[in-house]
Amino acid sequence: MAQKNIVVVGAGFAGVYATKRLAKHFKRDRDVTITLIDRHSYFTYMTELHEVAADRVDEHAIQYDLQHLFCRRKNVKLVTDDVTTIDRTNKLVKTKHGAYPYDAVILGIGSQPNDFGTPGVAEHGFTLGSWEQAVALKKHIKDVIARGAVEHDPEKRKALLSIVVVGSGFTGTETIGELRDWRDTLAAENKLAPEDITFTLMEMAPTIMNMLDRADAAKAERYFERQHVAVMKNTGVVGVHADHVDLKDGSTFPTATLIWTAGVKASDQAANFGLTQGRAGRIVVNSHMQTEADPTVYVVGDVAIYTGNSDRGEPQIVQGAEASAHTAVVNIESQLAGQPATADYKASYSGFMVSLGSKYGVANLMGWFHLSGFFAMLMKHLVNMLYFIQIYSAYYLFHYVMHEFFRTRNQRNLFRGHLSRQGNVLWTVPARIFLGAMWIVDCIPKLSGKESWFVDKLRLPFSWLQQAATSGASAAGADATSAASGAAAETTKAAGKAVFSLSYQYGKEPMMVFDQMPKWMYNITKTLIPNQDVAFFMQKAMTIVEVLIGLALIFGLFTWLSGATSVMFTAIFCLSGMFYWVNIWMIPMAIAVMNGSGRAFGLDKWVVPYLQKHLGHWRYGTQRALYGQERGQ
């Protein structure tokens, strides 16, 4: 079979989605190669640019390396380059440094902010259409707030401490909400009163957030009022200067920071391909996502315009990008199989979620289910996480959760900082060592003395094991008469009976967690440990594991795993019917030491970073600034 080539241009939401789906479909077909070309070596999670601009997450938190995304995908080649044109005659995608043959090409080069030619926006304003722009905006805001804090002139001070966002779409409202979240931190760092820093949202239309149901938009507007964000409707900006903006009514508004989010258009690069362009420069496609000029050239995402449902085209949102990419992928699969493209674009919008900062948002699900506050934000996070599931990236799903919930600063996350790692793990070191020591103390009588489980023959009569297990099982309603089943149940019970017996040698014996082993637990144990030999083996194995847990905790090695195992074992001991409430402290203590306590006076300080580095390289390869065959890919 002849070699077939698919070239995907643009590693955005649509491009990454399409490449992942194609790679999975053709993973057993060695005759199909997929080449993904982008000017960057990473995928940017564009819908979260405002989080970088407002310093909620680290700058690189929304960058996802393509090598990590496509690890082990041998049928995917990554190229870091600028695409210049598509030679449809010779079936080549040309870049600044090479050319790539194609049987089908997917063009997903995205969009960019549209200032509609408003004077001064390019020179004095800021837009939020790329990672670089988000970083530049963050640096600018830090600079102007610092300058405003020490400015004596009242007019200059007012302009420096005034932040204006033009446009109340998704980007505008999320940006000003996130910046407002940043206010108190900025004020504290610059010795300002928080109210000295002002925020204004300007919208030309008589209403804001016009992509939402009016009731949801009203909730958002009330939230802005509570947060002292000024909302100026029917306000057109006709000029931007270094320290003020000109409004359509002839007045001026003082600000040194104007962020323009009033519209988007197709990337300027779209004009380079000789394809028919429509509204806002978007490339015209049919219902199969094919261009008019060439049915082997598919256009997806923000840069495509399909007018079958609306003259304005489909919304330029992630759901639309995924739907168009899915349509293109299905048709390309048919095309390469020698069949006609028949899949039509199907608009499927499950709802709209808008964050107004880190803790509050509004959402409209399926057109009828309305949420606000905590649950709206939770839904937005779930939708973001769903994308990583759709592109089969558990690695970056994990990192998204870590960045959004556990690594944020200044309480700026959905759970108001309660999940963020803020404390010094030094203070859990005593708890870690004590818990480890208790595991070792528990194992001493099992390793030596008359109750040792490591002598040639167990000193504990097996008939006693059978009798104890049978009576316990009968109390639970189980029929346990065999010696094998008795050994099975007693293995678990014996493990829990001796745990930290020192804690109840004095005074009244405390209450057991369970009076006897639950029937379902007994049945599981009997299945896993069917005879005496297995029972003796399991007793010895559990003792070895307990010793390893104890040593690992004492020396701070794999502390998270050791703590989790301690929780699991304690739960098993509780279910054995021979564990006491007085020892239940093991569970919260084990959970506490899981918070990285091994990195303070423990081996995890060196071992965990080493493994993260080397196992990551083994699994995902080495991150690079450039990818491409000629660069040793």
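Predicted model: local features only at pLDDT ≥ 70, side-chain atom pairs only at ≥ 80, totals over all residues.
**Figure 1. The whole protein chain.** The secondary structure of the chain comes to 19 helices and 25 strands. Of its 633 residues, 52% are buried. Among contacts in the chain with a separation of 6 or more, 69% are between residues 24 or more positions apart. The accessible surface of the chain is about 29,300 Å², and carbon and sulfur atoms account for 58% of this area.

**Figure 2. An open sheet of three strands.** The strands lie in the order E6-E7-E8, and their pairing is antiparallel. Strand E6 (83-87) and strand E8 (98-101) are at the edges; each has a single partner strand, so one side of each is left without a neighbour in the sheet. From one strand to the next, the twist averages 20°. Strands of a sheet pair through backbone hydrogen bonds, and the pairing can be parallel or antiparallel.

**Figure 3. The pairing of strands E7 and E8.** Strand E7 covers residues 92-95. E7 runs antiparallel to E8, and four bridges join the two strands.

**Figure 4. The hairpin of strands E15 and E16.** Strand E15 spans residues 237-240, and strand E16 spans residues 244-247. Three residues lie between the two strands of this hairpin. The strands pair in the antiparallel sense over three bridges. Gly239 has Asp246 in E16 as its bridge partner. In a regular strand, side chains alternate between the two faces of the sheet.

Note on methods:
Residues numbered from 1 in each chain as written. Heavy atoms only, no water. Pairing = 2+ DSSP bridges. Axes fitted to C-alpha atoms, helices over the stretch in contact; angles between N-to-C directions. Buried < 20%, exposed > 50% of the residue type's maximum accessible area, 1.4 Å probe, protein only. Contact = heavy atoms within 4.5 Å. Areas by Shrake-Rupley, 256 points an atom, 1.4 Å probe, with all protein chains shown as cover.
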